[in-house]
Amino acid sequence: MKKRLLCFSLLLAVMVSAQEPAIIPKPSRMEMQDGNFNITPSTQIVLKGPGLEKAAMFLNDYLQKFYGFKLAVTKAAVSRNSISLGLEKMESAIAGAYHLQVNRTGVQIKGDGAIGTFYGVQSLVQLLPVEKKKELTVPALEIEDQPRFAYRGMHLDVGRHFYPIDFIKKFIDYIALHKMNTFHWHLTEDQGWRIEIKKYPKLTQVGAFRNGTIIGHHPGTGNDQTKYGGYYTQEQVKEIVKYASDRFITVIPEIEMPGHASAAIAAYPELSCFPDEATKHPAKVSWYGDSTGKQVQQAWGVYPDVFAPTEYTFKFLENVLDEVMALFPSTYIHIGGDECPKENWKRSAFCQQLIKEKGLKDEHDLQSYFIQRIEKYLNSKGRQIIGWDEILEGGLAPNATVMSWRGEKGGIEAAKQKHNVIMTPNSYVYFDYAQNKQEDSLVIGGYLTVQKVYNYEPVPGALAAEDTKYILGAQANVWSEYMKTPAKVEYMVFPRMSALSEVLWSRKESRNWSDFEKRMEKQTKRYELWNASYNKKYLDPANK
């Protein structure tokens, strides 16, 4: 009898486990209950508080896109067959906590603010079946949930390869569906300037297009000899910023300086230390078209022609940033600061004289002077800068936030100096790295499995307890040298983005790889519902 009871208990536990929804990122607490609720075209969305329209709109857009119907939205009291969206004060240090309940009569979602209610909707979305139906059965349950980190980001490089507005919106939807809150938009590069600046029209007339692109892995086996480029108008940028805001996502623009400036210099050669010198490129790179004067680069890598720290350059950048700030309401403006070769500064008589005049030690101090001037200007406009960890060289700007990409060392150093840090170490969150040992398409190199992403801990163990508060969160970087199409971006992002979302949202002690693997079975079906490309070999034993 005891054996039968034990077997029955085990079977029941397996059945309950099998029935548990595969929510990613994993909620703080979830309790299954008896019964279910059916969402049909006659179900109503009830708004019980201010500012909840965005959550209702997202849910309706999702239902329309993937199931073919929308729900009526009302503020009237509806007791049955409804999805109620409301507000409730909760104890949470970070915005976004919510409480979700499903029973036989309907769904109730309450957030600690409109953003919390929005995240509750994201969990409701994951309760929906992955097949297209007119009646959507969701299980009865109760969820209490809140985020771990305040900064949960995804980056996208549109400088190397340019993506249409529709895909940028899709990418933002992916961020929202994973309860992430920041889109870092990398808008300028050596290979293309992607944002309209009305005061400097040649930035897009000239700087947004390159005459050709290398074929194969850098330095390439040839050149496709095809003019390539594109840019976003200011109206399109406004459209994207609003689209993201409607999903409680902040868009942080990146305008690279003082390095990665070839496209800007091609448009305005006066920005260079040596405006009369032709653009240089590696000897092994196959170049196409005009090779005289300043050119937009056609291959990847790091180039010596960087911004000259002249008054002309600073005024140019201030004017550019004025237009950028008018488009992006984000507190942060990313100014790059990475991979700035110093060769031109070393051989520039102007730069050497400036170093003497300012009492600087060397070119690293000159970079710090450059960054601090830009920071002072942005601070005067009520904004803050973010830079890659190279901005530590020569001394960190007073109010700067550091993105630590060359491992964790820069982030640890910045946090010890009491500066805010966003962790983006290449060894854990560079989604341009290979995710399979044998990739079927070209990637930059490196090797980063979904399991390694899942096991990442953004708070370094080397930090003293009092300095851990400076770690705001983390972000995955999507560098696009070898991502020509939106489908390739999706393939490189999924399922690693799902793993990172759990790292950033869920409690550290709740993370369990085996449990995540099980939930990913349903998540991959969601990718297919979204018509998103993804890496189907992520669990291949060859990758472990």
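Local features were taken only where pLDDT is at least 70 and side-chain atom pairs only at pLDDT 80 or more, while totals for chains, interfaces and linings use all residues of the predicted model. Residues are numbered from 1 along each chain as its sequence is written, and side-chain values rest on heavy atoms, with hydrogens and water left out.

Helices (H or I, at least four residues) and strands (E, at least two) are DSSP runs, numbered from the N terminus, and two strands count as paired if DSSP finds at least two bridges between them. In the order 8-9-16-17-18-19-20-21, 8 strands close into a barrel with parallel pairing. From one strand to the next, the twist averages 30°; axes here are lines fitted to C-alpha atoms, for helices over the stretch in contact, with angles running from 0 to 180 degrees between N-to-C directions.

Strand 17 (residues 332-336) runs parallel to strand 16 (residues 250-257), and 2 bridges join them. Glu254 has His334 of strand 17 as its bridge partner, and Met257 stands opposite Gly336. Helix 8 (residues 311-327) packs on the sheet and touches both strand 16 and strand 17, its direction making about 170° with that of strand 16; contact means heavy atoms within 4.5 Å. Towards strand 18 (residues 384-388), strand 17 is joined by 3 bridges, again in parallel, and Tyr332 stands opposite Gln384.

How many residues of strand 17 are buried? The count is 5 of the 5, so strand 17 is largely enclosed by the rest of the structure; buried means under 20% relative accessible area, exposed over 50% and partly exposed in between (1.4 Å probe, protein chains only). In a regular strand, side chains alternate between the two faces of the sheet. Here Tyr332, His334 and Gly336 point one way, and Ile333 and Ile335 the other.

Turning to the aromatic residues, rings of Phe, Tyr and Trp (its six-membered ring) pair if their centres lie within 6.5 Å, with planes under 30 degrees apart counted as stacked, over 60 as edge-to-face and the rest as tilted. This rule gives 33 aromatic pairs. Phe118 and Tyr119 form an edge-to-face pair, because their ring centres are 6.1 Å apart and their planes lie at 65°; both residues are buried. Tyr430 and Trp479 make a tilted pair, 6.4 Å centre to centre with 45° between the planes. This pair links distant parts of the chain, 49 residues apart: Tyr430 is in the loop between helix 13 (426-429) and helix 14 (450-454), and Trp479 in the loop between strand 21 (471-476) and helix 15 (486-493). Tyr430 is buried at 6% relative accessible area, as is Trp479 at 8%.

One aromatic cluster comprises Phe162, Tyr163, Phe167, Phe171, Phe183, Trp185, Tyr232 and Phe328. Charges also meet rings: a charge sits over a ring if NZ of Lys or CZ of Arg is within 6 Å of the ring centre and within 35 degrees of the ring normal. Lys179 places its charged end over Trp505, 5.7 Å from the ring centre, and Arg511 lies over the face of Tyr454 at 5.8 Å.

Finally, Thr213 lies in the loop between strand 12 (209-210) and strand 13 (214-215) and is buried at 3% relative accessibility.
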